[in-house]
Amino acid sequence: MPVVALIGAQWGDEGKGGLVDLLASRARLVIRYGGGNNAGHTVVNPLGSFKLHLVPSGIFDPNTVNVIGPGVVIDPEALLNELRDLQARGISTERLFISERAHVIMPYHVQLDQLQEESRGAGKIGTTGRGIGPAYADKMSRTGIRMADLLHEETLLNRLRTVLEEKNRLLTRLYNTKPLSLHDTYLRYLDLGHQLAEHITDVHPIIYRAIEKDLPVLLEGAQGGLLDIDHGTYPYVTSSPPGAAGACQGAGIGPTRIHSVLGVLKAYSTRVGEGPFPTELEGPEADVLRQIGMPWAEVGTTTGRMRRVGWFDAVMARYVVQVNGIDTVAITKLDVLDTLPTIKICVGYRMVETVLEYPPATTALLSAVEPVYEELPGWQTPTSGMRQFYDLPNEAQAYVARICHLVGARLGIISVGPEREQTIEVAEIF
Ligand code: IMP
């Protein structure tokens, strides 16, 4: 049985939640491998509509084991709130296991994230303000606190004593804010650790056993390939590797064990936060794509910010497909394009006299490129009730086929609405 990595292939918000929910119901193990509560997965299934930030989407199936892997950064309070919400709605959280190696988002991370953003002024990144960047920075500087540390009084106190000294200097001297109390922070995080203790464990044996037994395993991605710390539109990126390599590293599964990388592409483009966006639209076409007034309007799940929207960018998508070894794509929200008379796809970037096939690395160049568009006829027919590929209007089939050809991956799934059953499965994933 395969190990499948499902990853976002644009700037996040590709509609991964619905697909993960569909596939999670067939997987026996679902692993969240990176990012933190900057992510927001909207899941609509027979049990209701849910917004998940840290908990893997396999939580709705009583037969699925869910793991938060070592590569995730965890805000314990946010996780406990999410678990309480699920329990209040009758969902069991017993089968959730949290890696003891995962790093903790501490209160100073959240404060510093917000203070750094403020001090960036016009150059702000537009982070979610959840402490993600500072938490990953501390992990790399080897000053992070891990979930295992919350369960060991002496270790927690010793690590906090050293780290808080530095953080308090930053908070008071650089940002003129109040210092954090060692005593209060220690007691609060010790208590949070106790509340999560039954879930915190070494997840490696759980993962390895599932692979050995050949059970279907789903690696649940958050964010998207264009927000990748190495391959994204730096510095307007998140602080982790959300792609296929990040899945291996963040879950602790070697690349030879992954059978398929499923890249999720929205049928158009969206972005929250700052940064270059070559195919961005304003005006009436943007309003169609934004779906204002609909429950599934293009508004960020985590921060409630209005998403920026634009045409499908095949230059960016092809790059993400290549960097991540995506073999299969899922194209989501096709129905959003139902009313448009014509639809554009960006097939190249014009730079002075040349047309670039790959995105340039710098913000200055990426902001200066002029998209080269191919214009395809729209279908102007509602598709949200269609369940078979060959039911789709010819123009919609052609649009999807063109995207697959341009990015160089086979078609796996199309979604035509937010419900679990509004998916057209073209190729078998599990
Ligand atoms: P951070 O991850 O909070 O540091 O934010 C860095 C950038 O990534 C910002 O532009 C965010 O809007 C974006 N970002 C982070 N997580 C997500 C997500 O789950 N969906 C879409 N954008 C995200």
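Biologist: What volume does the second largest pocket have?
Modeller: The second largest pocket of this predicted model has a volume of about 400 Å³. A pocket here is an open set of points on a 1 Å grid over the protein atoms alone, where a 1.4 Å probe fits, with protein on both sides within 12 Å along at least five of seven lines, and the volume is the space filled by probe spheres set on points joined across faces, edges and corners.

Biologist: And which residues lie nearest its centre?
Modeller: Of the 19 residues that line the second largest pocket, those nearest its centre are Gly71, Tyr136, Lys139, Met140 and Gln249, where lining means having an atom within 4 Å of a point. Helix H4 (132–141) and helix H8 (244–251) are the elements that give two or more residues to this lining; helices (H or I, at least four residues) and strands (E, at least two) are DSSP runs numbered from the N terminus.

Biologist: New topic: how many strands form the open sheet?
Modeller: Ten strands form it, in the order E9-E7-E5-E2-E10-E1-E11-E15-E19-E20, with mixed pairing, where two strands pair if DSSP finds at least two bridges between them. At its edges, strand E9 (200–201) and strand E20 (423–425) each pair on one side only.

Biologist: Which way do E5 and E7 run?
Modeller: Strand E5 (residues 65–68) and strand E7 (residues 96–99) run parallel and are joined by three bridges, and Ile68 stands opposite Ile98 in E7.

Biologist: Where's the cis peptide bond?
Modeller: It runs from Tyr234 to Pro235, with omega near 5 degrees, and Pro235 is found in the loop between E10 and H8. Most peptide bonds are trans.

Biologist: Anything to know about the numbering and cut-offs?
Modeller: Residues are numbered from 1 along each chain as its sequence is written. Local features need pLDDT of at least 70 and side-chain atom pairs count only at pLDDT 80 or more, while totals for chains, interfaces and linings use all residues, and side-chain values use heavy atoms, leaving out hydrogens and water.
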